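Dear colleague,

Please find below the structure that I am handing over to you. My findings follow directly after it.

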Amino acid sequence: MTAADLPPPLLTLDALSCERDDRLLFSQLSLTASAGEIWQVAGANGAGKTTLLRVLVGLHGFYEGEVRWQLPGCHHRQGRDGLLYLGHRPGLRDELTALENLRALCAIHQQDATLLPAALAAVGLRGFEDALVGSLSAGQKRRVALARLWLPGKPVWVLDEPFTAIDLDGVALLEQQLRAHAAAGGLVIYTSHHRLAGDIHQVHLGAARPQVLRAGAAA
Ligand SMILES: Nc1ncnc2c1ncn2[C@@H]1O[C@H](COP(=O)(O)OP(=O)(O)OP(=O)(O)O)[C@@H](O)[C@H]1O
């Protein structure tokens, strides 16, 4: 595939550099990511994966270079309304039920809450709608957070360690959902030490100059 064959990018990074505590995490990172793609951000502990994702979603502002989102129909907050970001912690309140937590998140992030019971069922939590999140296991909490991936309306998913704490069935289910989203024209960017098989693009952090590996591109 030539550059001319690629769909228009949803995300463009231009010479992105970031340091923390006087340590250079990455420098001169440039890439384009388009609809239908899955990108894994890889690297050792402390390499800067979470920091990069937070830069992408506007939660970490100390960097040089440019992050440009071009999401169809999203004109607000620099076009970030079409993003769904799940951080490396589930980000749920223990004193609320699974459904209450998700309803609150849907209200904040403009997602359709009417489909939440079906989303909870999809992640294997039918019957846990009214369970206090504080009473759930780590893997169940992760599944509650991941249930938002079964709601429509967010073309870009930015996921920090989404496979953490879930069992083998959960890993397979999540892999399937990531692939389905990309196949339906979404873009997935995730950090993990878990490599999905197939046409996954990669950014390797660790060296000052990150490696960008496009699946299918000649070495
Ligand atoms: N809140 C913070 N304040 C200051 N420095 C931080 C903070 N969080 C991370 N850092 C620094 O940024 C570096 C990169 O951290 P980051 O969490 O992005 O790495 P990571 O690749 O996601 O690591 P891991 O695989 O362990 O989750 C860390 O080594 C640390 O020195």
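Leaving aside its neighbours within four places in sequence, Val 188 is in contact with Ile 38, Trp 39, Trp 157, Leu 178, His 181 and Ala 182; two residues are in contact if their C-beta atoms, placed from the backbone, lie within 7 Å. This is a predicted model, in which local features need pLDDT of at least 70 and side-chain atom pairs count only at pLDDT 80 or more, while totals for chains, interfaces and linings use all residues. Residues are numbered from 1 along each chain as its sequence is written.

Val 188 is also among the residues with the most contacts inside the largest nonpolar core, together with Val 144, Val 158 and Ile 189. That core has 56 residues; a nonpolar core is a set of buried Ala, Val, Leu, Ile, Met, Phe, Trp, Tyr and Cys residues joined through C-beta atoms within 7 Å. Strand β1 (residues 9–20) gives the most to this core, with five residues. Of the 219 residues of the protein chain, 35% count as buried (20 or more other C-beta atoms within 10 Å of the residue's own; exposed means 12 or fewer, partly exposed in between; C-beta atoms are placed from the backbone).

The protein chain has five helices and nine strands, in the order β-β-β-α-β-β-α-α-α-β-α-β-β-β from the N terminus on. These are DSSP runs numbered from the N terminus, with helices (H or I) of at least four residues and strands (E) of at least two. The radius of gyration of the protein chain is 17 Å, close to the 17 Å that the globule rule gives for 219 residues, so the chain is as compact as a globular protein of that length. The radius is taken over C-alpha atoms, and the rule is 2.2 Å times the number of residues to the power 0.38.

Six strands form an open sheet with mixed pairing, in the order β5-β6-β7-β3-β8-β9; two strands pair if DSSP finds at least two bridges between them. Its edge strands, β5 (83–86) and β9 (211–213), each pair on one side only. Strand β8 (residues 201–204) runs antiparallel to β9 and is joined to it by three bridges, with Leu 213 in β9 as the bridge partner of Gln 202. Helix α5 (residues 168–183) lies across β3 (38–42), β6 (156–160) and β7 (187–191), at about 145° to β7. Axes are lines fitted to C-alpha atoms, for helices over the stretch in contact, and angles run from 0 to 180 degrees between N-to-C directions.

As to confidence, the mean pLDDT of the protein chain is 92, and 93% of its residues reach 70 or more (pLDDT is the predictor's confidence in each residue, from 0 to 100). The model scores ipTM 0.96 and pTM 0.93.

Yours sincerely
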